[in-house]
Amino acid sequence: MKGGGFVSEQKESIFKKAKRSRSYLKIGVAGPSGSGKTYGALLIASGLVNDIEKVCVIDTENGSANLYDHLGTYTVVDFSPPFHPDRYSNIIAMAVEQGFEVIIIDSTSHEWDGQGGCLDLHQKFGGDFRDWKKVTPLHNKFINSILQARAHVICCTRKKTDYSMENSGGKTKVRKVGMKEIQRDGFEYELTVAFDINVDHIATSSKDRTGLFPNTQPFTITEETGKALREWNEGKS
């Protein structure tokens, strides 16, 4: 075979027309305590799959995932400290091996700011800026375990009120600037769609690759939210 023909075959295999195919969705549900993150995630999961027995919850919230068994028979993994990133990665891999179609991580915040999590590890390594070289690969491995999991993954994340210090007329004032996710900055950019829920259980989308949830339209998460995502993923919408 002549060299030119080989190059031509390579081009044909590399350059392909864009075509959306069925994939494993990575979904974020973020909100303050009491906003309904766990319940909302379970409703989305029940809409994503026909059988809620195919749903597994990795529960770092002291058994809160057990409160909604009226939705059906799903599986709960009681996940206690230490919240080392590798432990998250391992349990995600185990859930995939067990055949679960939806994995809910409730919550991802402990991986970042919990006992044995990234911030804790950074301090134990010395707390110097250079010590992030030891922590960042562990966090990246955790992120990759979510992105590469052959299952839909719903990531619940805590949010807390964020403040800024401002100087006005020689006086320092504290100004509320919104709610900040307890996770590393940029976490939601890895997701297919990310929902924010407020204390009144009203959701908006902060990121949406599906185009199903305009961020100007607040809504309540229901099982239909999961069904809409499933239909989009299957190319039906």
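These legends accompany several close-up views of one predicted model.

The model is predicted, and local features are given where pLDDT is at least 70, side-chain atom pairs count at pLDDT 80 or more, and totals for chains, interfaces and linings use all residues. Residues are numbered from 1 along each chain as its sequence is written, and side-chain values use heavy atoms, with hydrogens and water left out.

**View 1. The protein chain and its elements.** The protein chain has 7 helices and 8 strands, where helices (H or I, at least four residues) and strands (E, at least two) are DSSP runs numbered from the N terminus. Of its 237 residues, 43% count as buried; buried means under 20% relative accessible area, exposed means over 50%, and partly exposed lies in between, with a 1.4 Å probe and protein chains only. Among contacts (heavy atoms within 4.5 Å) between residues at least 6 apart in sequence, 59% join residues at least 24 apart.

View 2. Rolling a probe the size of a water molecule over the atoms shows where empty space is left. On a 1 Å grid over the protein atoms alone, a cavity is a set of points where a 1.4 Å probe fits but cannot get out, and lining residues have an atom within 4 Å of a point. The count comes to 1 cavity of 30 Å³ or more, and the largest cavity has a volume of about 40 Å³, a volume being the space filled by probe spheres set on the points, which are joined across faces, edges and corners. Strand S1 (26–31), strand S5 (152–168) and strand S7 (193–197) are the elements that give two or more residues to this lining, and S1 gives the most, with 3 residues. Among the lining residues are Gly 28, Cys 155, Glu 188 and Phe 195.

View 3. A pair of aromatic rings is described by the distance of the centres and the angle of the planes. Rings of Phe, Tyr and Trp (its six-membered ring) pair if their centres lie within 6.5 Å, and planes under 30 degrees apart count as stacked, over 60 as edge-to-face and the rest as tilted. A search of the whole structure finds 8 aromatic pairs. The ring centres of Trp 112 and Trp 132 lie 5.7 Å apart with their planes at 15°, so this pair is stacked. Trp 112 belongs to helix H4 (residues 109–113) and Trp 132 to helix H6 (residues 132–147), 20 residues apart, and Trp 112 counts as buried because its relative accessibility is 11%.

**View 4. An edge-to-face pair of phenylalanines.** The rings of Phe 195 and Phe 213 have centres 5.0 Å apart and planes at 90°, so the pair is edge-to-face. Phe 195 is in strand S7, whereas Phe 213 is in the loop between strand S8 (203–208) and helix H7 (223–233), and both residues are buried.

**View 5. Backbone details in the loops.** Most residues other than glycine have a negative phi, and most peptide bonds are trans. A cis peptide bond, with omega about 5°, joins Pro 81 and Pro 82, and Pro 82 lies in the loop between strand S3 (75–78) and helix H3 (85–97). Another cis bond joins Asp 106 and Ser 107, with omega about 10°. Asn 62 has a positive phi, near 60°, and is exposed, with a relative accessible area of 80%.

Technical notes:
On a 1 Å grid over the protein atoms alone, a cavity is a set of points where a 1.4 Å probe fits but cannot get out, and a pocket is an open set with protein on both sides within 12 Å along at least five of seven lines; lining residues have an atom within 4 Å of a point.
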